[in-house]
Amino acid sequence: MSILNRTLSASAAAAALLVSVNAASADTWRYAFEEAMTDVQGQFAQKFKQEVEANSDHTIQLFPYGTLGESADIMEQTQAGILQFVDQSPGFTGSLIPEAQVFFVPYLLPTDEEKLAEFFENSEAINDMFPDLYAEQGLELLTMFPEGEVVMTTKEPVKEPADLNEVKFRVMTNPLLVESYQAFGATPTPLPWGETYGGLQTNIIQGQENPMFWVESTKMYEVTDHITFAGHNVFTTAVMANKDFYDGLSEEDQQMVQDAMDTAFDFIIEYQDGLTQESLDKIKEAKPEMTVTHLSEEERAPFKEAAKDVEAKFIEMTGESGKKILDQLKADLAEVEE
Ligand code: 6CS
């Protein structure tokens, strides 16, 4: 999407929001997310809505991707208190909360789904340390959950870092992701989601990374030809509330929101069981010539080597506070491995 179109659609979104704000009763809570209703964040949001509405007198109005602008727009709207809830991935929260970039240290998180679910549910770093950092930005961190292993989709096959040489690779607007793809040998190009399909179509960029369900639902296979599983990351997302709004709720309502989050968390873990393979099957059906490569341990080695520099960069960027989070995260992961 061009900058002009983006500005126009952002204004249209703001106008739509004003209309809906006026139409909504005081008891309607507005919740925006970065994906469609049928995607993982949309499924989570619908489950949350269902729980809240079944257990209270509140109603939730959902705003999927595009209705209120890009990821950065919905975060601004939540901080301003126009929205009560937002799902924004740390991929876009990096400049606001630099420590949230820890999720982009490659090869830190396991790709095994059971271990991941256990980690997200019990991690001290996630559940006890991150909430304070989000609170400093006027946000109540309610939950974080995984959305599946990240794969690269490119126009040319990728077997080693040299294959990424000269490849303009779209990443979310996150400084550490830029470092990662630089370390992997590519030319990282941070862009909002809305510019990705068109950028690949017009060859301004030649690669991007995302979990399989998203590659399928957004038809990334139409504009790239090769899928590579390098095992380097898992897509993480976070759901937050505007902190003033949340602090103003009764204890009973706060508990009801937390319970609804917990139920939606369990639901979304279950929902994703087998989703990667299903998405892959759909892609193979739509485009049989799409190649799918799982890099071997040996092939992953140079990417893992490059990851060490990215971890060092993370500590350089975030100092003592980032190091504490990283150490705790590693301790939490070690517990899951046991
Ligand atoms: O890459 C992105 O920008 C998007 N990816 C996912 C899986 N969800 C939302 C986000 O905007």
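Guide: A residue is called buried when its relative accessible area is under 20%, and exposed when that area is over 50%. The model discussed here is predicted.

Visitor: How many aromatic pairs does the structure hold, and what is the angle between the planes of F119 and F120?

Guide: The structure holds 18 aromatic pairs. One of them joins F119 and F120, whose ring centres lie 5.2 Å apart. This pair is edge-to-face because planes over 60 degrees apart fall in that class, and the angle here is 75°.

Visitor: Is F119 buried or exposed, and how is F120 classed?

Guide: The cut-off for a buried residue is under 20% relative accessible area. F119 has a relative accessible area of 0%, and F120 has 2% relative accessibility. Since both values fall under the cut-off, F119 is buried and F120 likewise counts as buried.

Visitor: How many residues apart in sequence are the parts tied together by F184 and F303?

Guide: F184 and F303 form an edge-to-face aromatic pair, with 5.2 Å between centres and 85° between planes. F184 lies in the loop between α7 and β6 (187-190), whereas F303 belongs to helix α13 (residues 297-337). Both F184 and F303 are buried. The pair therefore ties together parts whose separation in sequence is 119 residues.

Visitor: Which residues line the second largest cavity, and which helix gives the largest share of its lining?

Guide: This cavity has a volume of about 50 Å³, and by class its lining has five nonpolar, three polar and one charged residues. The lining residues are F104, P106, L177, S180, Y181, F184, E209, H232 and N233. The largest share, three residues, comes from residues 175-183, helix α7.

Visitor: What is the volume of the largest cavity?

Guide: A search of the whole structure finds two cavities of 30 Å³ or more. The largest cavity has 16 lining residues, with E34, F92, W193, W214 and F235 nearest its centre. Its volume is about 150 Å³.

Visitor: Which elements give two or more residues to the lining of the largest cavity?

Guide: By class, this lining has eight nonpolar, three polar and five charged residues. At least three residues come from each of domain 1 (3-147 + 235-275) and domain 2 (151-233 + 277-337). The elements that give two or more residues are β7 (207-211) and α9 (212-217).

Visitor: How many residues of β7 are buried, and which of them point the other way from G207, E209 and P211?

Guide: Strand β7 is mostly covered, with five of its five residues buried. G207, E209 and P211 point one way. The residues that point the other way are Q208 and N210.

Visitor: Which strand pairs with β7 in the parallel sense, and what are the bridge partners of V150 and F169?

Guide: Strand β4 (residues 139-154) runs antiparallel to β7, to which five bridges join it. The parallel pairing is with strand β5 (residues 168-171), over two bridges. In β7, the bridge partner of V150 is P211, and that of F169 is G207.

Visitor: Which residues form one aromatic cluster?

Guide: A pair of aromatic rings is described by the distance of the centres and the angle of the planes. Beyond the pairs discussed above, one aromatic cluster is formed by W29, Y31, F33, F48, F85 and F245.

Key
Residues are numbered from 1 along each chain as its sequence is written. This is a predicted model: local features need pLDDT of at least 70, side-chain atom pairs count only at pLDDT 80 or more; totals for chains, interfaces and linings use all residues. Side-chain values use heavy atoms; hydrogens and water are left out. On a 1 Å grid over the protein atoms alone, a cavity is a set of points where a 1.4 Å probe fits but cannot get out, and a pocket is an open set with protein on both sides within 12 Å along at least five of seven lines; lining residues have an atom within 4 Å of a point. Grid points are joined across faces, edges and corners, and a volume is the space filled by probe spheres set on the points. Helices (H or I, at least four residues) and strands (E, at least two) are DSSP runs, numbered from the N terminus. Ala, Val, Leu, Ile, Met, Phe, Trp, Tyr, Cys and Pro count as nonpolar, Asp, Glu, Lys and Arg as charged, and the others, Gly among them, as polar. Domain bounds come from an automatic or database domain assignment. Rings of Phe, Tyr and Trp (its six-membered ring) pair if their centres lie within 6.5 Å; planes under 30 degrees apart count as stacked, over 60 as edge-to-face and the rest as tilted. Buried means under 20% relative accessible area, exposed over 50%, partly exposed in between (1.4 Å probe, protein chains only). Two strands pair if DSSP finds at least two bridges between them.
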